Amino acid sequence: MKISADALLFDNDGTLVSSLDSVLRCWTRWAEEQGIAAEDFARVELHGRPADDIIAELLPADRAARARARIDELELADVPGGVKLLPGAAELLAGLPAGRWAVVTSAYRELAEARLAEVAIRPGTLISADDITRGKPHPEPFLLAAERLGVDPARCVVFEDAPAGLAAGRAAGMRTVALATTTDRAELVADVVVEDLSAVSARVSDGGVEITCRV
């Protein structure tokens, strides 16, 4: 399947890199330190959500600031050795001009930049939780990325592994490519579903980017 676009917007964790083991390790330790019951912690979705949203579900507001500082400390300390580049990511990005792609992540900027740098990815445009007021599945993060790149949202393609991120891409009026790296295919609603970015290639021209997806 071929898709023509002006810009490609990539989620980070589960799309370009995997830090899911690190996320679970850090948040589990954090929950234990905060005295959160295991059954309450198990009910909260961690993947693809800003830390403040997770904390708000688990702790009263007067504990949020200190709790946020602690999870930031744990996750940043776990970056070395805690991030893996996913198949196809480096090869796909290497062929894209800086003005044709962005990373759109629910992580905060310092953590996102640290995880990307760990695998030598340095995007020209990065939208993080610091840049927005409403996270995925709201379309704001992807719409802001399109604005920063100076392209029509309808000419953007979103690459995501999480249902919330795919919903955000659709709400932004963008085409979507789902990666079955962290979520069962049956739960992925997208224009195309692939195993990972090794199934995606791109040809860049003056008119934009033509993506080929091998499903």
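In what order do the three strands of the open sheet lie, and is their pairing parallel or antiparallel? The legends below begin with that sheet and refer throughout to a predicted model.

**View 1. The open sheet is built from three strands.** In this sheet the strands follow the order β1-β11-β10, and their pairing is antiparallel. Strands β1 (2-5) and β10 (200-205) form the edges, since each of them pairs on one side only. On average, and with direction ignored, neighbouring strands of the sheet are turned by 20 degrees against each other. As a general point, the strands of a sheet pair through backbone hydrogen bonds, and they may do so in a parallel or an antiparallel way.

**View 2. Strands β10 and β11 run antiparallel.** Strand β11 covers residues 208-213, and six bridges join this strand to β10. Within this region, Ser-205 stands opposite Gly-208, a residue of β11.

**View 3. Ile-211 belongs to the largest nonpolar core.** This core holds 33 residues, and those that touch the most other members are Leu-8, Phe-10, Leu-16, Phe-159, Val-177, Leu-197 and Ile-211. When neighbours within four places in sequence are left aside, the contacts of Ile-211 include Met-1, Ile-3, Leu-8, Val-157, Phe-159 and Val-200.

**View 4. Phe-10, Trp-101 and Phe-159 form one aromatic cluster.** The structure holds three aromatic pairs, and two of the rings to look at are those of Phe-10 and Trp-101, which make an edge-to-face pair because their planes stand at 75 degrees, with the ring centres 6.3 Å apart. Since Phe-10 lies in strand β2 (residues 7-10) and Trp-101 in strand β5 (residues 101-104), this pair ties together parts that are 91 residues apart in sequence. Both Phe-10 and Trp-101 are buried. Phe-10 also pairs with Phe-159, and here the rings are stacked, with 4.8 Å from centre to centre and 15 degrees between the planes. Phe-159 is buried, as is Phe-10.

**View 5. Arg-68 lies over the face of an aromatic ring.** The ring in this view is that of Tyr-108, and Arg-68 is placed at 3.6 Å from the ring centre.

Note on methods: Residues numbered from 1 in each chain as written. Predicted model: local features only at pLDDT ≥ 70, side-chain atom pairs only at ≥ 80, totals over all residues. Heavy atoms only, no water. Pairing = 2+ DSSP bridges. Helix = DSSP H or I, 4+ residues; strand = E, 2+ residues; numbered from the N terminus. Axes fitted to C-alpha atoms, helices over the stretch in contact; angles between N-to-C directions. Core = buried A, V, L, I, M, F, W, Y, C linked by side-chain atoms within 4.5 Å. Buried < 20%, exposed > 50% of the residue type's maximum accessible area, 1.4 Å probe, protein only. Contact = heavy atoms within 4.5 Å. Phe/Tyr/Trp six-rings, centres within 6.5 Å; stacked < 30°, edge-to-face > 60°. Lys NZ or Arg CZ within 6 Å of the ring centre and 35° of its normal.
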